[in-house]
Amino acid sequence: MIATPDNVSAHVWEAMEITLTSSTDHENPYMNVDVWVDLEGPGLRRRVYGFWDGDRTYRVRLVAPRPGTWRWKSGSNCPDDGLTGLTGTFEACEWTDPEKQANPN
């Protein structure tokens, strides 16, 4: 299950989180389960690793460094339908001048 809906939008360099829910319990998820998303967008392809967040929940945090359409596909070192082969997209847009003024960071 993905907590981040498909076709959402975010600003460039704004943190996004993809939540994956394992379809099974793993004996030692902290040590034995690696999760990631392969992220692809304008001029960039990267593998972004995630972490176990308790129970069957795994999270991958990422940012889009450029505006445009970004696609991701999840993967794992374990055969698990809740962690592997899931996909999504999101749009990244530039910050407007008023948004920059409201958030100087």
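Two strands are taken to pair if DSSP finds at least two bridges between them. The strands themselves, with at least two residues in state E, and the helices, with at least four in state H or I, are DSSP runs numbered from the N terminus.

Good morning, colleagues. The model before you is predicted, so local features need pLDDT of at least 70 and side-chain atom pairs count only at pLDDT 80 or more, whereas totals for chains, interfaces and linings use all residues. Residues are numbered from 1 along each chain as its sequence is written, and side-chain values use heavy atoms, with hydrogens and water left out.

I begin with the overall layout. The chain contains 2 helices and 8 strands, and along the sequence these follow the pattern β-β-α-β-β-β-β-β-β-α. Its C-alpha atoms fill a box of roughly 50 × 25 × 20 Å along the principal axes. Of the 105 residues, 38% count as buried; buried means under 20% relative accessible area, exposed over 50%, and partly exposed in between, with a 1.4 Å probe and protein chains only.

Contact here means heavy atoms within 4.5 Å. Among contacts with a separation of 6 or more, 62% come from residues 24 or more positions apart.

Let me turn to the first topic, the sheet of 5 strands. This open sheet has the order β1-β8-β7-β3-β4, and its pairing is mixed. Strands β1 (8–11) and β4 (44–49) stand at the edges with a single partner strand each, so one side of each has no neighbour in the sheet. From one strand to the next, the twist averages 30°; the angles are taken between N-to-C directions, from 0 to 180 degrees, with axes as lines fitted to C-alpha atoms.

Within this sheet, β3 takes part in two pairings that I wish to describe. Strand β3 (residues 35–41) pairs with strand β7 (residues 68–76) in the antiparallel sense over 6 bridges, and W36 has G75 as its bridge partner in β7. Strands β3 and β4 are also antiparallel, again over 6 bridges. There, L39 has R46 as its bridge partner in β4. The hairpin of β3 and β4 has 2 residues between the strands, and G43 in this hairpin takes a positive phi near 70°.

What aromatic pair does W36 form? Its partner is Y49, in an edge-to-face arrangement with 5.9 Å centre to centre and 65° between the planes. Rings of Phe, Tyr and Trp (its six-membered ring) pair if their centres lie within 6.5 Å; planes under 30 degrees apart count as stacked, over 60 as edge-to-face and the rest as tilted. The pair links W36 in strand β3 to Y49 in strand β4, 13 residues apart. W36 counts as buried because its relative accessible area is 13%, whereas Y49, at 52%, counts as exposed.

The remaining topic is the sheet of 3 strands. This open sheet has the order β2-β6-β5, with antiparallel pairing. Its edge strands, β2 (16–21) and β5 (51–52), each pair on one side only. Strands β2 and β6 are joined by 6 bridges, and I18 has V60 as its bridge partner in β6.

Leaving aside residues up to four places away in sequence, T57 touches T19, L20, F51 and W52.
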